[in-house]
Amino acid sequence: MIQINKEALVERFMRYVQIDTQSDPESNSFPTTEKQKDLSKILAAELQTMGLLNVELDEFGYVYATIAGNSEKLNIPSVCFCSHVDTAPDCSGKNVKPILHKNYDGTDITLPDDASQILSVVKSPYLKTQIGGDIITASGNTLLGGDDKAGVSIIMQAAQYLMDNSTIKHGDIKIVFTPDEEVGKGVAKIDMQKVDAQFGYTLDGGEAGSLEDESFSADGATITINGVIAHPGYAKNKLKNAIKIAGEILDALPKRLHKRRFAQPPQQAKKNCRSCGCKIWGCNNGVYANRAVQKYERNFKPASRGCGKCR
Ligand SMILES: [Zn+2]
């Protein structure tokens with residue numbers, strides 16, 4: 001049975017999460033933040049030290065590498081393992097202080113830097129499955145970045161294991177680390193010629209032991225609604241309230257499909273998204289829905305200043 005070095009894996013993870021690699025949905029550069037390469041450079045250097053082939057960090061922040069096949073068998077398909085280095089833009093990824101909670105006792109965990117941040121067993125019953133195990137959390141003021149530095153760490157540790165244990169026979173194994181997954185651009189500049197694998201697994205999941213074999217596509221759009229301000233005394237037939245127009249647009253969206261979609265697992269979401277054809281709301285389990293509303297809010301600001309002609 002394969003025994004991955006748990007201490008080395010934990011050390012690796014705790015080291016990677018302390019590197020700020022937050023991506024930026026408002027950026028038009030690629031990668032959206034240069035700091036993502038701070039981790040990618042380390043990964044490329046470590047893969048090189050391990051002895052992998054074709055290790056490359058490209059200008060866009062993608063890391064490619066190959067564990068050369070060592071089997072005598074012919075026609076073994078090559079397999080790719082992939083994960084993303086960036087962390088979500090929703091909460092700071094700077095000065096992350098990971099905390100290792102050893103031998104978890106099954107009670108709520110209060111994060112020390114912000115006592116209002118409590119990992120509750122009631123809200124997260126999965127915690128109960130980890131009693132007796134070790135849990136790593138953030139300290140309260142930042143993301144942990146387990147998404148997806150857990151995947152990055154696992155792939156790196158597995159690569160180290162395979163390089164150290166040549167008795168395990170395999171075909172070519174490709175490794176890819178991408179930037180900008182959290183902002184929907186994870187594969188925007190990927191070079192599939194360099195990946196060159198027949199099968200691929202993304203290590204970016206949830207509960208241990210779970211496997212998802214289907215995903216979905218989503219798209220997004222920003223709608224700018226320009227209202228018209230008018231003095232109330234002279235507003236008749238002039239005032240156009242951007243918020244009310246936005247409300248009409250939202251109300252016109254196919255409610256039945258969207259309601260169902262957000263409550264359902266990804267497989268069903270995929271089917272619904274295709275059938276409704278709506279591109280205002282993404283279907284990323286509600287994530288894009290929130291962003292769409294944020295966009296609306298932002299775009300009210302110019303509208304509220306009015307067109308300038310009606311003052
Ligand atoms: Zn992820």
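User: Hi! What percentage of the 311 residues of the protein chain count as buried?

Analyst: Of the 311 residues, 26% count as buried. Buried means that 20 or more other C-beta atoms, placed from the backbone, lie within 10 Å of a residue's own, while exposed means 12 or fewer and partly exposed is in between. This is a predicted model, where local features need pLDDT of at least 70, side-chain atom pairs count only at pLDDT 80 or more, and totals for chains, interfaces and linings use all residues. Residues are numbered from 1 along each chain as its sequence is written.

User: Thanks! How many helices and strands are there in the protein chain?

Analyst: The protein chain has eight helices and nine strands. Both are DSSP runs numbered from the N terminus: helices are H or I with at least four residues, strands are E with at least two.

User: Let's look at helix 2. Which of its residues are buried?

Analyst: Gln36, Lys37, Leu39, Ser40, Leu43, Ala44 and Leu47 are buried in helix 2. Seen down the helix axis, they fall within an arc of 155 degrees, so they line one face of helix 2. That arc is taken from the directions from the helix axis to the C-beta atoms.

User: Why would residues three or four places apart point the same way?

Analyst: An α-helix has 3.6 residues a turn, so residues at that spacing point the same way.

User: Which exposed residues does the face turned away from the buried side of helix 2 carry?

Analyst: That face of helix 2 carries Ala45 and Thr49.

User: And what do the buried residues of helix 2 pack against?

Analyst: They pack against helix 1 (6-17), strand 1 (53-57), strand 2 (63-67), helix 3 (146-164) and strand 8 (173-178). Contact here means C-beta atoms, placed from the backbone, within 7 Å.

User: What comes just after helix 2?

Analyst: Gly51, which takes a positive phi of about 105 degrees.

User: Switching to helix 3: at what angle do helix 1 and helix 3 pack?

Analyst: They pack at about 135 degrees, with their axes 9 Å apart. Axes are lines fitted to C-alpha atoms, for helices over the stretch in contact, and angles run from 0 to 180 degrees between N-to-C directions. Helix 1 and helix 3 are therefore oblique to each other; angles under 35 degrees count as roughly parallel, over 145 as roughly antiparallel, 65 to 115 as roughly perpendicular and the rest as oblique.

User: Which residues of helix 1 and helix 3 meet there?

Analyst: In helix 1, Ala8, Leu9, Arg12, Phe13, Tyr16 and Val17 meet Lys149, Ala150, Val152, Ser153, Met156 and Gln157 in helix 3.

Methods:
Contact = placed C-beta atoms within 7 Å.
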